[in-house]
Amino acid sequence: MNKELLQFSLLFIVMVLLQVLICNHIAVFDVAIPIVFIYFIIRLPISLGLSILFTLSFLIGFCVDIFSDTPGVNALACTLMAALRRPLYYAYVPRDDKTKDLVPSISSLGIAVYCKYLVSLIAIYCVLVFSIEYFNFADIEEIVLLASSSTLLTFISLLAFDCLIINKT
């Protein structure tokens with residue numbers, strides 16, 4: 001248990017630093033922003049208690065908010081994403097004793113199921129963040145453009161990141 005706690009603590013710190021120091025300064029064609037820190041929430045075990053899940057999700061979103069000067073936007077979006085995480089997981093994976101203790105990854109879910117799970121969570125997060133940020137549906141085309149392009153870029157980044165982590169372990 002201590003090894004897992006250390007790994008998740010290290011992942012938390014690395015994801016926040018990677019997001020605020022590098023990814024927040026990348027904007028592909030001024031529309032696509034890689035949002036890699038949500039990988040921490042995606043990789044948490046499915047069997048994790050809801051209170052711990054919500055607390056960790058809020059904390060990672062709040063840490064990014066502090067360094068990104070976005071008061072509460074990421075914290076709210078991360079907490080809502082965490083709330084939808086388990087129902088989305090069970091929408092793609094059957095409920096049984098073998099799947100309840102899994103950590104979502106390519107190796108545990110398979111490429112097709114993991115990609116659907118990953119795209120769904122990333123899309124939810126991106127739509128929430130850009131909707132909250134604009135807070136005006138008059139710019140719906142821009143919200144859709146930003147959310148879809150950021151979802152695609154983040155999906156590719158997180159899939160590559162997951163492949164690197166699996167090859168290392």
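Y39 counts as buried, at 0% relative accessibility. Here buried means under 20% relative accessible area, exposed means over 50%, and partly exposed lies in between, with a 1.4 Å probe and protein chains only. This is a predicted model, where local features need pLDDT of at least 70, side-chain atom pairs count only at pLDDT 80 or more, and totals for chains, interfaces and linings use all residues. Residues are numbered from 1 along each chain as its sequence is written, and side-chain values use heavy atoms, with hydrogens and water left out.

Y39 has a ring partner. Y39 and F161 form an edge-to-face aromatic pair, 5.1 Å centre to centre with 90° between the planes. Rings of Phe, Tyr and Trp (its six-membered ring) pair if their centres lie within 6.5 Å; planes under 30 degrees apart count as stacked, over 60 as edge-to-face and the rest as tilted. The pair links distant parts of the chain, with Y39 in helix α2 and F161 in helix α7, 122 residues apart. Helices are DSSP runs (H or I, at least four residues), numbered from the N terminus. F161 is partly exposed, with a relative accessible area of 23%.

Next come Y89 and Y117. Their ring centres are 6.0 Å apart and their planes stand at 80°, so this pair is edge-to-face. Y89 lies in helix α4 and Y117 in helix α6, so the pair ties together parts that are 28 residues apart in sequence. Both Y89 and Y117 are buried. Ring pairs link Y89, Y90 and Y117 into a cluster. Y90 is found in helix α4. Y90 is also buried, with a relative accessible area of 18%. A search of the whole structure finds 6 aromatic pairs.

Now to the core. In soluble globular proteins, nonpolar side chains tend to be buried together. A nonpolar core is a set of buried Ala, Val, Leu, Ile, Met, Phe, Trp, Tyr and Cys residues joined through side-chain atoms within 4.5 Å. The largest one here has 49 residues, and F37, I38, F40, I42, I60, Y114 and Y125 touch the most other members. Two or more residues come from each of α1, α2, α3 (50-68), α4 (73-92), α5 (106-109), α6 (111-134) and α7. The largest share, 10 residues, comes from α6.

Contacts show how two residues are placed. Contact means heavy atoms within 4.5 Å. Leaving out residues up to four places away in sequence, F37 touches M15, Q19, I60, G61, V64, N74, C78 and Y125. T154 is found in helix α7 (residues 140-168). T154 is buried, with a relative accessible area of 0%. With the sequence limit of four places again applied, T154 touches I33, P34, I35, I38 and I122.

I26 sits in the loop between α1 (2-21) and α2 (39-43). At 34% relative accessibility, I26 counts as partly exposed.

Two aspartates remain. Most residues other than glycine have a negative phi. D30 has a positive phi of about 60° although it is not a glycine. D30 is found in the loop between α1 and α2, and counts as exposed at 68% relative accessibility. D69 has a positive phi of about 60° too, and is not a glycine. D69 lies in the loop between α3 and α4. At 68% relative accessibility, D69 counts as exposed.
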